[in-house]
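Here is a short report for a first look at a protein model. Keep the sequence and the 3D view at hand while reading.

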Amino acid sequence: MVERDEWLHPVADKVADRHNRYMRRMEAIEQQAGSIVDYANGYRYYGWQWDDTLDGWWFREWLPEAYDVFIFGDFNSWQRTQLRLNKSADGVWSIFLPQAMYGHLLTHGSLYKLHIHGKNGWHDRIPAYATRVVQDEESKNYTAQFWNPEKPYEWQHTDFAGAPAKDLLIYEAHVGMAQEEAKVGTYNEFTELILPRIKKAGYNAVQLMAIAEHPYYGSFGYHVSNFFAPSSRFGTPEELKRLIDTAHGMGIAVIMDLVHAHYVKNLNEGILDLDGSGHHYSKPGEAGYQQYWDSMIFDYGKGGVEHFLLSNVKYWLDEFHFDGFRFDGVTSMLYYHRGYIDFDSREKFFDEGVDLDAVTYLTLANRLVHDFRPQAVTIAEDVSGMPGMCCTAEDGGVGFDYRLGMAIPDFWIRMLKDTPDEDWNIWEMWSIMTNRLPSVKTVAYAESHDQALVGDKTIAFRLLDSLMYDGMDRAFESPVMDRGMALHKMIRLFTISTGGEAYLNFMGNEFGHPEWIDFPREGNGWSCNYARRQWSLRDNGFLRYEFLADFDEAMIELMKEREVLSDGYPYNLLMDEENKTMVYSHRDLIFVMNWHTEAAIPDYELPVHEAGKYEVVLSTDEKRFGGLGRQTLGEEHFSFNVEGEDGELYPRIKIYNTPRTAVVLRKAE
């Protein structure tokens, strides 16, 4: 890693130290368990585990500093101090319940909790390794549920190849808010109604948010309480498995939004201070608190915590067949200051502000994912640009496959909010999109769920504002509408074709969904009206939303067909600042982007790589996408030679270069 990057030479010893910490930990894990894959089996040891030899159920929980622990539930009439667990030397509490005595009582669906005595007194708690947690509708309390269906789920598509190794096209989605009806959607509804839409739209991966159980729905799943329990508000674990299995049958990989950066501070629902020590899964005091998110931070250097988190990684891959993870909040994990500084020097990536235990944990997690499921993909949400994030551990890196290009949506917000169209600098635009190291594969996106939340605005909202409510009829005409429709398409095409090696879109944004996201809360009367997706607007047949959706579908299809993302950096052919036009290529495609507000130039001359016939294969101005039809699909342009200053002949073509238009041409074979 250092050999390839001269910028890192002055901190080579720090990179080596970081790598050596990982190597020492890997060596210890392999001595203990044989491999990191075998080490990460906590979900097969803790919680409820069937013992064939003894014919009964073991229950185990890691509570190193608890004084006393009991298990209770409906199977023993909620008697708190009847069934005492025994403590081992390594802090694991356990109890065995023989089938002969409890088989008719401890049944599928039974409810239970732990009664734990620690420094903080006696508390009824949910075990950390609980795989099913349900909420009582009347009391709103959460309780663990013994989950042992008579027939385990039978996977149908076990031969699915996994996440695509290249040209990854991600559809970011939230199961609960994916339905049109103002309610909490289910795994089954997502399977039946939304997966076919994702398939038709052309995306080859879906990234599911809010899967792990979280008590507050409005947290978008980012304040997790129960890390091994898929959210019961959407349905059962088997219904989630069916969703993933069905997606695999459609050729769609399923990536989980994994939250290991922090956990909810709720005592009743979560894992905070489970053993009563004040420093069970977190460091004591302020060191264990994430002040910016009002949540708790894991102590990544503690063996039991590391084992818990690595077991959680393997659990979702093994039990639910997820195809990888988007690791949330990586910047917060990496630094004690949580990333709230300017990363304006090399040293800030290697100074005392870096949590080296977190760096080691993330490296171990990536090693585990790729050892256990080689075709799985990992994506880091890191805004800092930590060196080595997407280098392999063997090369001294952290081992992620991709990082999110978080500067790109921020750039588009700033441009649309602060800069008039006529002042857009095409060189700045080009620089933002291509400013990445060749070794850092980037997920490009113009906007995600972040921009769709209350308090922010989607690109469509910034472009169209109130016209999204009263101006989307196809018969309605206005210059504002023309501008908004044109730029919405251009921004997406430019982003996907220049910004990275993968692409992400949040559900509904592709057709300019008109509402922000506001989850049910006290301030809106606990309404789901803004926590849904109005697919009928896209399907209406009389509204412009369909134009945007159809363009996105055609764009995605072209990117896949010509493998544009895996081509790497675009090749810059022309930058015409006066006419706000940029021309670049990918493989046999020529992209022409005219960002000018009004310059329409007949016979606009532009360079191409090879002589021949070039045909229009996509244009934002096509009438089928709500454009003016100044370029048409299949339109042909023949090259001619122009003598350069060096006396050589270079091929050129001429097109009608219209304002606020993107055209893609392909050389005919």
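The text below goes through cores, a sheet and a few single residues.

This is a predicted model, in which local features need pLDDT of at least 70, side-chain atom pairs count only at pLDDT 80 or more, and totals for chains, interfaces and linings use all residues. Residues are numbered from 1 along each chain as its sequence is written, and side-chain values use heavy atoms, without hydrogens and water.

**Cores**

The largest nonpolar core has 188 residues. Such a core is a set of buried Ala, Val, Leu, Ile, Met, Phe, Trp, Tyr and Cys residues joined through side-chain atoms within 4.5 Å. Buried means under 20% relative accessible area, exposed over 50%, and partly exposed in between, with a 1.4 Å probe and protein chains only. Among the residues with the most contacts inside this core are Phe 190, Trp 316 and Trp 595. Helix α16 (residues 545-561) gives the most to this core, with 10 residues. Helices (H or I, at least four residues) and strands (E, at least two) are DSSP runs, numbered from the N terminus. A second, separate core has 16 residues, including Ala 163 and Tyr 402.

Beyond its neighbours within four places in sequence, Trp 316 is in contact (heavy atoms within 4.5 Å) with residues including Phe 227, Pro 230 and His 321.

**The sheet**

An open sheet of 6 strands has the order β23-β24-β25-β31-β27-β28, with antiparallel pairing. Strands pair if DSSP finds at least two bridges between them. β23 (571-576) and β28 (636-638) are at the edges with a single partner strand each, so one side of each has no neighbour in the sheet. From one strand to the next, the twist averages 25°. Strands β27 and β31 are joined by 5 bridges. Glu 615 stands opposite Arg 666 in β31. α16 lies across β25, β27 and β31, at about 135° to β27. Axes are lines fitted to C-alpha atoms, for helices over the stretch in contact, and angles run from 0 to 180 degrees between N-to-C directions.

**Single residues**

Arg 18 sits in helix α1 (residues 12-33). Arg 18 is buried yet has no salt bridge, meaning a side-chain nitrogen of Lys or Arg within 4 Å of a carboxyl oxygen of Asp or Glu. The nearest side chain of opposite charge, Asp 17, is 8.5 Å away. Lys and Arg count as positive, Asp and Glu as negative; His and the chain ends are not counted.
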